[in-house]
Amino acid sequence: YSKTVKEDNKMEMKNYQKKVIADLNRFLVILNKNFNISKSYQEFWQEQNIPVGISGVPAYQNIIPNTPHICFKVPTGGGKTFIACNSIKPIFDALPIAKSKVVVWLVPTDSILEQTIKCLQDVNHPYRQRIDTDFGGRVEVYNKQQLLNGQNFNPTSVNEQLSILVLSYDSFRSTDKEGRKVYQENSNLAQFTKFYNSNGTFIEDVDETALVQVINQMSPLIVVDESHHAQSNLSIEMLNNLNPCFVLDLTATPKKHSNIITYVHTCPR
């Protein structure tokens with residue numbers, strides 16, 4: 001019994017983290033009421049008596065056309081990854097029920113990549129336990145090589161579970177041949193092409209079997225870890241190519257284009 005309680009406590013959010021999720025849920029409610037991102041962002045802040053514009057928070061920046069793109073400002077050590085794990089279900093709950101549940105989790109460095117994959121693939125880790133609880137254990141977490149190999153990654157598995165694709169920014173931004181494998185023809189993924197239905201978002205001059213094209217057609221939820229590193233034109237092009245249904249930025253140091261919906265200033269223990 002004591003072990004169960006201890007494990008439950010590991011999965012429990014702190015009060016400031018609960019407020020972040022409450023802010024997210026409120027924004028999603030307003031968004032589903034208005035069907036207008038900029039208007040919803042403005043209403044969200046006006047509800048809190050905070051103006052949007054010159055004398056308040058900056059106006060919404062529509063960087064990815066017609067795609068909600070919001071930011072959590074959480075200081076280092078504030079549990080950004082755990083907050084993101086708790087955000088996945090509310091976001092998908094706010095989307096159409098038939099929407100395939102695919103998350104592209106982008107990270108800036110190889111060390112963060114390895115750490116994130118290790119934690120999310122470990123069914124005993126609190127991050128993964130939170131996601132498994134929210135999605136009834138029907139969860140698969142992939143690294144780049146597993147995706148390129150089509151290892152347990154196919155239209156059936158994607159349709160039946162939550163799929164989390166953990167990848168580095170450089171998988172999509174790099175100019176070297178190794179880094180561009182996601183743009184190359186890939187017979188391992190050819191079966192996905194039978195289910196494409198939004199060719200208007202295709203990336204030009206990229207084979208339809210390339211991993212990036214498969215992701216584009218899934219229109220994933222994108223989690224951008226350390227999003228202050230993903231502000232360049234190349235990064236914005238990367239996000240647009242992935243054709244997201246929703247983008248969630250996580251950072252302690254947001255840049256001027258960030259659409260912040262929640263500020264955590266300190267992290268009480």
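N34 counts as buried because its relative accessibility is 17%, under the 20% cut-off. The model is predicted, and N34 sits in helix α2, which covers residues 15–34.

**Surroundings of N34**

- The side chain of N34 makes a polar contact with the side chain of E43 at 3.1 Å.
- A polar contact of 3.4 Å links the side chain of N34 to the side chain of S40.
- With neighbours within four places in sequence left aside, N34 is in contact with K39, S40 and E43.

**Largest pocket**

- Helices α8 (155–160) and α10 (211–218) each contribute at least two residues to the lining of the largest pocket.
- By class, the lining of the largest pocket has 8 nonpolar, 5 polar and 1 charged residues.

**Second largest pocket**

- Helices α4 (80–94) and α5 (110–121) each provide at least two residues of the lining of the second largest pocket.
- The most is given by α5, with 4 residues in the lining of the second largest pocket.
- The lining of the second largest pocket divides into 4 nonpolar, 7 polar and 3 charged residues.

Notes:
Residues numbered from 1 in each chain as written. Predicted model: local features only at pLDDT ≥ 70, side-chain atom pairs only at ≥ 80, totals over all residues. Heavy atoms only, no water. Buried < 20%, exposed > 50% of the residue type's maximum accessible area, 1.4 Å probe, protein only. Polar contact = N/O pair within 3.5 Å; in protein donor to acceptor, adjacent residues only side chain to side chain. Contact = heavy atoms within 4.5 Å. Nonpolar A, V, L, I, M, F, W, Y, C, P; charged D, E, K, R; others polar.
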